[in-house]
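Work through these exercises with the structure open beside you. Try each task before you read its solution.

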Amino acid sequence: MALLPILCYPDPRLHTVAKPIARVDARVSQLVRDMLDTMYDANGIGLAASQVDVHERLIVIDVSQERKQPLVLINPELVWTSEATHLNEEGCLSVPGIYDGVVRHDEVHVRAWDAEGQSRTIEANELLAVCIQHEMDHLMGKVFVEYLSPLKRNRIKTKMRKAQREDAR
Ligand code: K1U
Ligand code: ZN
């Protein structure tokens with residue numbers, strides 16, 4: 001089992017736009033395994049490759065109670081989004097301890113390769129839909145706090161920098 005270090009906001013590397021993956025080879029399969037280990041170890045429901053400083057279009061998710069239903073999305077593309085939206089409470093492993101509301105589409109359809117490189121379309125609602133939208137933002141270099149007001153965001157930045165200085169001591 002390999003745990004990958006998770007970048008913490010406001011690390012500028014979190015704003016890198018991820019590139020498509022050309023093929024699912026042994027390197028990508030190992031990255032999928034390491035990202036799943038890292039997500040489960042951190043008690044997250046999702047993780048984007050961008051958060052472990054790999055700027056390629058790969059997401060892992062598990063919103064199941066039993067934490068035994070991993071979903072691997074490679075080169076995900078939103079093919080349909082509902083008009084209806086909702087304000088949902090979100091958290092982020094790259095912004096530990098911060099939770100706030102973000103408006104997201106209620107339902108999304110996403111086309112992606114699975115861990116075997118097979119193309120699939122997933123119809124998602126509720127927490128899975130929220131998590132997919134949050135993780136796809138990471139692949140575009142966007143962290144959920146960027147939906148908040150500049151005042152809130154600056155307070156979060158200051159708090160994170162202080163926590164990181166204290167951790168380094
Ligand atoms: O991308 C990440 O950092 C993972 C993130 C995913 C996420 C959580 C909540 C809403 C949208 C996306 C997390 O897993 S944060 C930690 C967590 O487990 C959690 C937080 C709030 C609600 C449910 C789960
Ligand atoms: Zn996140």
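Rings of Phe, Tyr and Trp (its six-membered ring) pair if their centres lie within 6.5 Å; planes under 30 degrees apart count as stacked, over 60 as edge-to-face and the rest as tilted. This is a predicted model, where local features need pLDDT of at least 70 and side-chain atom pairs count only at pLDDT 80 or more, while totals for chains, interfaces and linings use all residues. Residues are numbered from 1 along each chain as its sequence is written, chains are lettered from A and ligands numbered from 1 in the order in which they are written, and side-chain values use heavy atoms, without hydrogens and water.

**Exercise 1. Rings**

Task: Find how many aromatic pairs the whole structure holds, and which residue lies over the face of Tyr 147.

Solution:
- Step 1. Apply the ring rule: the search of the whole structure gives 0 aromatic pairs.
- Step 2. Now look for a charge over a ring (NZ of Lys or CZ of Arg within 6 Å of the ring centre and within 35 degrees of the ring normal).
- Step 3. Lys 142 lies over the face of Tyr 147, 4.1 Å from the ring centre.

**Exercise 2. The zinc site**

Task: Name the protein donors of the zinc ion (ligand 2).

Solution:
- Step 1. Donors are N, O and S atoms within 2.8 Å of the metal (3.2 Å for Na, K and Ca); water is not among the atoms, so sites may look incomplete.
- Step 2. The protein donors are Cys 92 (SG), His 134 (NE2) and His 138 (NE2), at 2.0 to 2.3 Å from the zinc ion.
- Step 3. Along the chain, the donors follow the spacing C-x41-H-x3-H.
- Step 4. Helices (H or I, at least four residues) and strands (E, at least two) are DSSP runs, numbered from the N terminus.
- Step 5. His 134 and His 138 are 4 residues apart in helix H2 (residues 126-139), so about one helical turn separates them.
- Step 6. Buried means under 20% relative accessible area, exposed over 50%, and partly exposed in between (1.4 Å probe, protein chains only). Both His 134 and His 138 are buried.

**Exercise 3. Salt bridges**

Task: Which residues form salt bridges with Arg 104?

Solution:
- Step 1. A salt bridge is a side-chain nitrogen of Lys or Arg within 4 Å of a carboxyl oxygen of Asp or Glu. The count by this rule is 7.
- Step 2. Glu 90 pairs with Arg 104, with the closest N and O atoms 2.7 Å apart. Glu 90 is in strand E4 (residues 85-90) and Arg 104 in strand E5 (residues 100-105), so this pair links distant parts of the chain, 14 residues apart.
- Step 3. Asp 137 forms a salt bridge with Arg 104 too, at 2.8 Å between the closest N and O atoms. This pair links helix H2 with strand E5, across 33 residues.
- Step 4. Glu 90 and Arg 104 are buried, and Asp 137 is buried as well.

**Exercise 4. A link across the chain**

Task: Which parts of the chain does the pair of Arg 13 and Asp 53 tie together?

Solution:
- Step 1. The side chains of Arg 13 and Asp 53 meet in a salt bridge (3.2 Å, N to O).
- Step 2. Arg 13 lies in the segment before H1 and Asp 53 in the loop between E1 and strand E2 (58-61), so the pair ties together parts 40 residues apart in sequence.
- Step 3. Arg 13 is partly exposed, at 39% relative accessible area. Asp 53 is partly exposed, at 34%.
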